[in-house]
Amino acid sequence: MSYELNEKVKDLVPYAVDQKRGAIYMNANESFLPVHPSIKKEIISLTRKVSFNRYPDTLALKCCQAFAAFYGIDPALVTAGAGSDELISILLGCFFSKGEKLLVTEPDFSMYAFYADMAELEKVCYQKTEDYRIEPEVLVELARKEGCRGLIFSNPCNPTSRGLRKGQIRMLLKALPDMLVILDEAYMDFWNQSLLGEIGEYDNLIILRTASKAMGGAGIRLGFAVGQQKLTKALQAAKSPYNVSSITQAAGTAIFKHPDILKDATMEILAGRGFLTGALTRMEAEWKDSPYAFHMIPEPKTNFVIIRFLAQKKNAQVYGYLKKKKILVRLFPDFLRVTVGSAEENQRFLSVLAALQEGADAK
Ligand SMILES: *Cc1c(COP(=O)(O)O)cnc(C)c1O
């Protein structure tokens, strides 16, 4: 006899992401902006004061306070995690019991299904419409019919960049009072439909936020869950005690203390998105009868755009060509997801795409 891996892990492979030295990264929805020098200086100064021989603050208090002050919410309702990814894992692993039904939407962030499987939950899948919209009434009906215990989704959505407006989310929360709704607002700094300010009104709501996207802190691994006292207490009790390192806490505290810098950075990313969508809209019209005809999902709500080549195999071909030219984008079965880059990076992406369509080989 020898040790056998269980069913859950025996066929797993590590998360794969393209990382290539010297490449242009438009594949992971990070901020293209390096951390601002004044923030960096403060991170270094706070890190100097860290007692490295001691465990970190279990509740990451200073960091949660800076986060709460930035968004104007009560710090007592905030829990920090090693990325919101960790918080998703804890929530799905601890707030539900094996076999309970979790409602997920498709397409959506792939980690929800992954952690639901790890927690041995039964996934009930709501298929979005052809153009990737959620119809809230249909979602509610499905949740009731199936007797779901929870719902998790990203708003605005990764990977579709579409979103539900506040009114629609309120409707969902009121229609499903006995279900836990985990609302992942990882990209809400790029849109204005956050429910953070209304957390006091819903005892079945947990909102997730992250330092990884608009805040430009993907490398420090810091995320937050916001919910009413009962939920927050349970989450703080369920998490591992020292989940956020002292260095991350110091960095997070420094980052959220600079609202003006963060808002400017967000505006700069949005300006880049405007440039990219403007150019892609023109290309979409010009190429509509070519083998490279594509559709861009209009009015993106995030720091990335979705383009879908109409000839299905073209998605993979374009992805491969861009990669050869050291431009990394994310390939999905039906489309490409392109993260907004710097002005030069966006321009380079567009030129390489144009060269491919013209049958020329970009330099
Ligand atoms: C990027 C992303 C996150 C953030 O993950 P972190 O672990 O905080 O880096 C969470 N949810 C969605 C939908 C994302 O796209």
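Modeller: Val 9 is found in helix α1, residues 7-10 (a helix is a DSSP run of H or I with at least four residues, a strand one of E with at least two, numbered from the N terminus). This is a predicted model, in which local features need pLDDT of at least 70 and side-chain atom pairs count only at pLDDT 80 or more, while totals for chains, interfaces and linings use all residues. Residues are numbered from 1 along each chain as its sequence is written, and side-chain values use heavy atoms, leaving out hydrogens and water.

Val 9 counts as partly exposed because its relative accessibility is 33% (buried is under 20%, exposed over 50%, partly exposed in between, with a 1.4 Å probe and protein chains only). Together with Tyr 3, Leu 5, Leu 12 and Phe 114, Val 9 makes a nonpolar surface patch of about 490 Å².

Turning to charged side chains, a search of the whole structure finds 13 salt bridges (a side-chain nitrogen of Lys or Arg within 4 Å of a carboxyl oxygen of Asp or Glu). One of them joins Glu 100 and Arg 149, whose closest N and O atoms are 3.2 Å apart. This pair links distant parts of the chain, 49 residues apart, with Glu 100 in the loop between α4 and β3 and Arg 149 in the loop between α6 and β5. Arg 149 is partly exposed because its relative accessibility is 38%.

Another salt bridge brings Glu 146 and Lys 101 together, at 2.9 Å from N to O, and it too links distant parts of the chain, since Glu 146 lies in helix α6 and Lys 101 in strand β3, 45 residues apart. With a relative accessible area of 26%, Glu 146 is partly exposed.

Terms used. Patches are made of residues with over 30% relative accessible area and no salt bridge: like charges are joined within 9 Å, nonpolar side chains (Val, Leu, Ile, Met, Phe, Trp, Tyr) within 5 Å. Accessible areas come from the Shrake-Rupley method with a 1.4 Å probe; for residues, only the protein chains shown count as cover.
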